[in-house]
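Thanks, everyone. I'd like to take you through one model this morning. Please have the structure up on your screens.

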Amino acid sequence: MTVLGKIETPGCGCDAPGHLASLISIDAALDRIAEHAAPVEETETVPLMRAAGRVLAEPVVASVQTPPFDNSAMDGYAVQTRAFTGQGPWSFPVIARIPAGAVPALVRGAGAARIFTGAPVPDGADAVIRQEDAILSGDTVTFQRRPDAGLNIRRAGDDMVPGQIVVPAGTRLGPREIAACAAAGAGQVSLRRALRVALLVTGDEVRDAGAARDAAAIWDVNTPMLGAALGRAGVALVHLERAPDQRAALAQRLAAMAAEVDLIVTTGGISVGEEDHVKPALDALGAELHFSGVAIKPGKPVSFGSLGPCKWLGLPGNPLSALVTWQLFGVALIRRLTGESAARGTRRHVVTAAPIRRKPGRCELRPATLTGFDAEGREVAGFQSATHSGRVGGLPACDGLIFLPADCDRLPAGALVEFLPFSDI
């Protein structure tokens, strides 16, 4: 097993002088993931209605122009603007009624067609006057103002033209993207196949949440937490297991999983103690370690490697550490393996709601809650006075993580810091 790495690229102060040489920065770790994790190659064609959350393998291209014909943007009356001669008001006979889906009649001269939103604009008409600006009396409609040509008409091809790439490959499909696919005429789409994942939670002390436990046992947070994170479209959670702290048993289970899945996620057992058996078990199997340890708090032991074609992500056992490292590296790894073009979470800047004092040395990621905006329109983040790797009770109220630079021991209220929103993937 080969441990690669030393502090190398700047990023968030994670590689400030004085760190252990074996620790790398957050950005360096993300670069290693991008370098060593390739998207699954197999694809499948799926009906659009079942494609939510999946990643496009091929771009969606508009097959026809959209809208396919000039249509009315609202309920009203289709008219010829050149028929508005002299001084108003102007009164025209209502010569047709055109609901959506109907083939329109021809509008000629001083005549008006009652038209509804989305209905084809009839030949001869070049404007639609909304019904609120019309006075209907029997079969005659009166207008007070002369309309401009093109008023309230949605032109054919204004949205899409044939051959236009509407949604590029590598896009994860949400409601907005699916709307565009449907409008482009894509009733089915080519997707990357579902990613096969195994989750293995270690710890002899762990018991099911709510189950009876002795004085030395704890309830299992990581299995339901990470199971929920992985229970999403585009991921097939093939194995969801707990394992004892026994090296031989771990090696046997990891080998069996690696033969079936694309990614193994483990929690616990990745530090340097006598009871940390995950990395020695992988070493015995001939795994390659791409990084082992990142200059962050919490979650320093987080590790990433390969066991044959299968990738492995080792998260710490403490629940907050596991969640933080999942948000940083697990989400990026899933996006990379599923072929998503936006492989990294988007950070933005916020300002601190209160002063911060902390021990420098590693980049600290602290759960934070967005509380509003300051007088300059900047988002304000509130947070607890310290980060505790085993505490999760306050997480439901948090919106994401703030990054506190490694070399900084204090920040004033209103300091500008990076913020990473929590992701559901």
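This is a predicted model: local features need pLDDT of at least 70, side-chain atom pairs count only at pLDDT 80 or more; totals for chains, interfaces and linings use all residues.

I'll start at a hairpin. Strands β20 and β21 form it, with two residues between them. Look at the turn: glycine 308 sits there with a positive phi of about 65 degrees. The two strands pair in the antiparallel sense, over five bridges.

How buried is β20? Five of its five residues are buried, so the strand is largely enclosed by the rest of the structure. In a regular strand, side chains alternate between the two faces of the sheet. Both faces of β20 are covered. Ser303, Gly305 and Leu307 are buried on one side. Phe304 and Ser306 are buried on the other.

Let's step back to the whole sheet. Six strands form an open sheet, in the order β16-β13-β17-β21-β20-β18. The pairing is mixed. Which strands are at the edges? They are β16, residues 235–243, and β18, residues 288–292, and each pairs on one side only. From one strand to the next, the twist averages 15 degrees.

Strand β13, residues 195–202, pairs with β17, residues 263–267, in the parallel sense over five bridges. Leucine 200 stands opposite threonine 266 in β17.

Next, the helices on this sheet. Helix α3, residues 222–230, lies across β13, β16, β17 and β21. Helix α3 runs at about 170 degrees to β13. Helix α4, residues 247–258, lies across β13, β16, β17, β20 and β21. For α4, too, the angle to β13 is about 170 degrees.

Now to helix α1, residues 26–36. Which of its residues are buried? Ile26, Asp27, Ala28, Ala29, Leu30, Arg32 and Ile33. Note that an aspartate and an arginine are on that list. What covers those buried residues? The cover includes β18, β19, β20, α6, β24 and β26.

On to the open space. The largest pocket holds about 550 Å³. Its lining has 32 residues. Nearest its centre lie Gly268, Gly269, Pro316, Gly317 and Asn318. Which elements give two or more residues to this lining? They are β13, β15, at 218–219, and α6, at 319–337. By class, the lining has ten nonpolar, 14 polar and eight charged residues.

The largest cavity has about 40 Å³ of space. Lining it are Gly53, Arg54, Val55, Arg172, Arg192, Arg193, Ala194, Gly234 and Thr338. That divides into two nonpolar, three polar and four charged residues.

To close, one thing to keep on screen. Over to you for questions.

Notes
Residues are numbered from 1 along each chain as its sequence is written. Side-chain values use heavy atoms; hydrogens and water are left out. Two strands pair if DSSP finds at least two bridges between them. Helices (H or I, at least four residues) and strands (E, at least two) are DSSP runs, numbered from the N terminus. Axes are lines fitted to C-alpha atoms, for helices over the stretch in contact, and angles run from 0 to 180 degrees between N-to-C directions. Contact means heavy atoms within 4.5 Å. On a 1 Å grid over the protein atoms alone, a cavity is a set of points where a 1.4 Å probe fits but cannot get out, and a pocket is an open set with protein on both sides within 12 Å along at least five of seven lines; lining residues have an atom within 4 Å of a point. Grid points are joined across faces, edges and corners, and a volume is the space filled by probe spheres set on the points. Ala, Val, Leu, Ile, Met, Phe, Trp, Tyr, Cys and Pro count as nonpolar, Asp, Glu, Lys and Arg as charged, and the others, Gly among them, as polar. Buried means under 20% relative accessible area, exposed over 50%, partly exposed in between (1.4 Å probe, protein chains only).
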